[in-house]
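Subject: Structure handover

Hi,

Here is the structure I promised to pass on. My notes follow below it.

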Amino acid sequence: MGTDLSLTHGIDRVLQVWQQMTAQNEMSHQTYDKFGLLLRRFDLYAGVRGALLIADVEPGLVDDFVNAKGHSRHGYVSDAAVATRLLRRSVVRSAFRVLRELGLSHQDPARDIVLPARTHEGIRALTEDEIVDLRHHASFTSRPTRHAAAAALALAGGHSGEVGHIVIADLDLPHRRVWMHGSIKYEPRWCRLDAWGRHVLAERARHVTTENPDPATARLAVSSRPTSDAALQARACVALRDLLRRIGLGGEPDVKPASITATAAVAAFETTGRIEDAARSIGLRSLDRAAAVVGYDWRCDPAYTDGVAPRA
């Protein structure tokens, strides 16, 4: 354990680690800014409640913070939206994960806070802190691994049945995208790469080229040896499941390799608000299915007023 166990000191250390992760593209600048602002708010909230030490942060305090009411656009006090509560929980869980790694705590006070999750066919998308943790554990030290490449392709929106087929020729690094071949279930499409994914796949491509100089056959996430489609999918699933185990999600029944892919649809929908973009991002042909993946019930959308101004 460190010598200064005050919560403020611990949060300063967490922010330093997050800065390093941002520099390595494991956390986006937007996520860093968002997480940092909320973590400072949590520090103030905890201080008002008398929690000045890291050890003072108990599950009840975190539960109150996560579920605290907020203000609507019209200034009324109201229950916080599910997305807001999920974000608050993600920030606290991510912060305490770092504190444990630094040896400043052994707690996980947000672990048992249950919130509604986006689920589809028994599968939920990863939360923002889990995505950051996945990138962190997939990042390589001495050489770019198949695990890192599989994670980058899945986070871009590739399904396990597509990830194993991706070769160097499918990369368009200048435009930060990768071509997904599609399948019987999914449409062929370009998928956007974030900064981390672009870096990982560029390094992986350079590494694979030393073993197989043909960009049309040099696979990124699995061996380039000839094999069946089923075997390619199985190998991609093994790599992704292994990463999920590394970040402590191996025992959760609703977290599967498809959970990683679903995050691309959620990100697209949260960015544009268009369910069509969520569907395109992961190659879905059904808008209803895309809505289910991102947890959007369009039939009960309160924003839809049939042309009549909503009641105040």
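The notes go from the whole chain to one helix, its packing and the cysteines.

First, the ground rules. This is a predicted model, in which local features need pLDDT of at least 70 and side-chain atom pairs count only at pLDDT 80 or more, while totals for chains, interfaces and linings use all residues. Residues are numbered from 1 along each chain as its sequence is written, and side-chain values use heavy atoms, with hydrogens and water left out.

**Whole chain**

The secondary structure comes to 12 helices and seven strands. Both are DSSP runs numbered from the N terminus: helices are H or I, at least four residues, and strands are E, at least two. The C-alpha trace spans about 60 × 60 × 35 Å along its principal axes.

Of the 312 residues, 46% count as buried. Buried means under 20% relative accessible area, with a 1.4 Å probe and protein chains only. Contact means heavy atoms within 4.5 Å. Among contacts between residues at least 6 apart in sequence, 63% join residues at least 24 apart.

**Helix α6**

Helix α6 covers residues 146-156 and is mostly covered, with nine of its 11 residues buried. Among them are A148, A152, L153 and L155. G157 follows α6 and has a positive phi, near 120 degrees.

**α6 against α9**

Helix α9 spans residues 229-246. α6 packs against α9 at an angle of about 95 degrees, with the axes 9 Å apart. So α6 is roughly perpendicular to α9; that label takes angles of 65 to 115 degrees. Axes are lines fitted to C-alpha atoms, for helices over the stretch in contact, and angles run from 0 to 180 degrees between N-to-C directions.

From α6, the residues in this contact are H147, A150, A151 and A154; they meet A239, L240, D242, L243 and R246 in α9. By class, the contact has six nonpolar, one polar and two charged residues. Ala, Val, Leu, Ile, Met, Phe, Trp, Tyr, Cys and Pro count as nonpolar, Asp, Glu, Lys and Arg as charged, and the others, Gly among them, as polar.

**Cysteines**

How many disulfides does the whole structure have? A search finds zero, a disulfide being a pair of cysteine sulfur atoms within 2.5 Å. The sulfur of C237 is 17 Å from the closest cysteine sulfur, in C191, so it is too far for a bond. C191 is buried at 2% relative accessible area. C237 is also buried, at 17%.

Best wishes

Terms used
Buried < 20%, exposed > 50% of the residue type's maximum accessible area, 1.4 Å probe, protein only. Parallel < 35°, antiparallel > 145°, perpendicular 65-115°, else oblique.
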